[in-house]
Amino acid sequence: MRAVVLREPGRPVGVEEVELDPPRAHEVLVHVAAAGVCHSDVRLADGELGEGRWPMVLGHEGAGVVEAVGDGVTHVAPGDHVALSFVPPCGACRSCRAGRANLCEPAGRNGFAGTLMDGTSRLHSDGETLQHGLMTACFAERTVVAAAGAVKIPRELPLRQAALLGCSVVTGFGAVRNVATVAAGDSVCVVGCGGVGLQVVAAARLAGAASIVAVDRGADKLVLARERGATNLVDASHGDAAAAVRELTEGGADHAFEVVGRPDTVRLAWDAVRPGGQVVVVGLVPRGVDVAVPGIEFLSDKSLRGTYYGSGDAGRDLPELAELALAGKLDLEGVVSHTTDLDGVEEALGRLRRGEGARTVVVVDPAL
Ligand code: APR
Ligand code: ZN
Ligand code: ZN
């Protein structure tokens, strides 16, 4: 089958013919319909998430149709529509037992190693083993994923829209609902309004936030943020953006979300919240990079917390988000700035590096 392979950082990714083994027990073979291109793919492709994460089939946000299931799989059957999740909880480890499925230990370990839950890969190329990008590897015609990584969704939802659920939507919505628990009337600041940040804006609006200040250095992103419900726009490319947010929110927002993954934007978010407020870091800060805030300000009850995968549970959250989209409360199409095919992935990564456009959707099989 055709798949987009990262050979080594700094070299363009490209489509190759690769082999995919059949699903083993507790695995699912999915015919990929569409996939979203995320900034984390750029981080992987640029070698910013650790050494040795290649050769790898990229792609961790996608949807498709189940083609076959391994032994022991009962929650989906061939023909079912699924959204893919790169955090398939094992259900048995300490984190899973504590109700923190997003921190599942074997899922985290194998996601980092580029293997499925049994520690091995189903992907090969001329006898060489390829890694499964974040256990999803969906920039490919087909993929084998852990059972819990294939989440059944209603077939009424177009798969091109469903493709966004498993990373940007679940991450953005989870940060607002599961982590910050934004309430009606709260003020919110969102730093970074790309594919993920726009979902934070949309979720804050649905939560009833009274003001949503969108901060970005791209004017086009700010327009998209306004369409998703931002009440105020701050261009971060000049002036003191944090001061502008404080002015718009009577001294600082209740919640700030950092959705870029840089120390300077974490600091911006910190400076934009009021005493007692909280910063939620959604962005992925590269390995080895430190983040700093003025320590004295912890005296003002401010807090800084992280989140992974919206701190939720994909099996529970993805179907709920799919229902929101079907009910017309979540506009998935509006964040898609470009559509392409597998050959267009490198170009889409380039756009993200340059800060151009929002989400690119890779239509892998136009027939689905
Ligand atoms: N100040 C304000 N905005 C910025 C800055 C800055 N210094 N630098 C970048 N941005 C904006 C970009 O203009 C863009 O709109 O941040 C946004 C980032 O969006 P994308 O590149 O589309 O990235 P996305 O896929 O949304 O991911 C955002 O979440 O999952 C993680 O790894 C991912 O860290 C990344 C973050
Ligand atoms: Zn992602
Ligand atoms: Zn677990």
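Predicted model: local features only at pLDDT ≥ 70, side-chain atom pairs only at ≥ 80, totals over all residues.
User: Thanks. So how much area is buried between domain 1 and domain 2?
Analyst: About 1,400 Å² is buried between domain 1 and domain 2. Carbon and sulfur atoms give 57% of that area.

User: Where are those two domains in the chain?
Analyst: The domain assignment puts residues 2-164 and 332-363 in domain 1, and residues 169-308 in domain 2. Their C-alpha centres lie 27 Å apart. Domain 1 brings 19 residues to the contact and domain 2 brings 16.

User: How many salt bridges cross that interface, and how many residue pairs are in polar contact?
Analyst: The rule finds zero salt bridges between domain 1 and domain 2, but there are nine residue pairs in polar contact. On the side of domain 1 that touches domain 2, you have eight nonpolar, six polar and five charged residues.

User: New topic: helix 6. Is it mostly covered or mostly uncovered?
Analyst: Mostly covered. Helix 6 spans residues 197-206, and eight of its ten residues are buried. Among them are Gly197, Leu198, Gln199 and Val200.

User: Why does Ser211 count as buried?
Analyst: Ser211 counts as buried because its relative accessible area is 14%, and the cut-off for buried is under 20%. Leaving aside neighbours within four places in sequence, Ser211 is in contact with Asp186, Ser187, Val188, Thr231, Asn232 and Thr249.

User: One last stop: Gly62. Where is it found, and is it buried or exposed?
Analyst: Gly62 is found in strand 6, which covers residues 62-69. Gly62 counts as buried because its relative accessibility is 0%.

User: What does Gly62 touch?
Analyst: Setting aside residues up to four places away in sequence, Gly62 touches Ala34, Ala35, Ala83, Leu84, Cys138, Ala162 and Ala163.

User: And how far apart are Gly62 and His31?
Analyst: Gly62 and His31 are 31 residues apart in sequence, and 11 Å apart in space from C-alpha to C-alpha.

Terms used:
Residues numbered from 1 in each chain as written. Chains lettered and ligands numbered in written order. Heavy atoms only, no water. Buried < 20%, exposed > 50% of the residue type's maximum accessible area, 1.4 Å probe, protein only. Helix = DSSP H or I, 4+ residues; strand = E, 2+ residues; numbered from the N terminus. Domains from an automatic or database assignment. Contact = heavy atoms within 4.5 Å. Buried area = accessible area lost by both parts, 1.4 Å probe. Salt bridge = Lys/Arg side-chain N within 4 Å of Asp/Glu carboxyl O. Polar contact = N/O pair within 3.5 Å; in protein donor to acceptor, adjacent residues only side chain to side chain. Nonpolar A, V, L, I, M, F, W, Y, C, P; charged D, E, K, R; others polar.
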